[in-house]
Amino acid sequence: MADKDKYFFINEEIEFEPLSDIIKRKIVARGGDMMIVEVHFKKGAEGAMHDHFHEQVSYCIKGKLEFTVDGETTIIGPGDSVYMPPDSLHGAKILEDTVLLDIFTPQREDFLQPKN
């Protein structure tokens, strides 16, 4: 990895990874123990309830979604954020086309693995 690639992440050079026909993501920055992932959801998509040992913050850039964290549910929109502690059960129902920035610590190593 060149030094430039350690510090600077040029958005137009980063490709999306399709997760389904209505969800795609790309890692927009990572280093040390941190990672930022841009996730695009089409209306009607669902982030299934799940948990992981990472801390996570989701920041809504565009759209509207119903977020549940450890049994508490609220609707968030542009400019709103959600914090998920380690091992918290969380998921979302997408009410409008939505773009989120997900910040993880430590990095989601599983996101870096090649897909078959």
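Colleague: Which side chains meet in a salt bridge at 3.3 Å, N to O?
Modeller: Those of Arg25 and Glu17 do, with 3.3 Å from N to O. Please bear in mind that this is a predicted model.

Colleague: Is Arg25 buried or exposed?
Modeller: Arg25 is buried, as its relative accessible area is 12%.

Colleague: And what is the bridge partner of Glu17 in strand 2?
Modeller: Arg25 is the bridge partner of Glu17 in that strand.

Colleague: How many bridges join strand 1 and strand 2?
Modeller: Two bridges join them, and the pairing is antiparallel; strand 2 covers residues 23-31.

Colleague: In what order do the strands of the sheet lie?
Modeller: The order is 1-2-3-10-5-8, which makes an open sheet of six strands with antiparallel pairing.

Colleague: Which strands stand at the edges?
Modeller: Strand 1 (17-18) and strand 8 (81-84) do. Each has a single partner strand, so one side of each lacks a neighbour in the sheet.

Colleague: Back to charges. How many salt bridges does the count come to?
Modeller: The count comes to two salt bridges.

Colleague: What is the relative accessible area of Arg108, and what is that of Asp110?
Modeller: Arg108 is buried, with a value of 10%, whereas Asp110 is partly exposed at 39%.

Key: Residues numbered from 1 in each chain as written. Predicted model: local features only at pLDDT ≥ 70, side-chain atom pairs only at ≥ 80, totals over all residues. Heavy atoms only, no water. Pairing = 2+ DSSP bridges. Helix = DSSP H or I, 4+ residues; strand = E, 2+ residues; numbered from the N terminus. Salt bridge = Lys/Arg side-chain N within 4 Å of Asp/Glu carboxyl O. Buried < 20%, exposed > 50% of the residue type's maximum accessible area, 1.4 Å probe, protein only.
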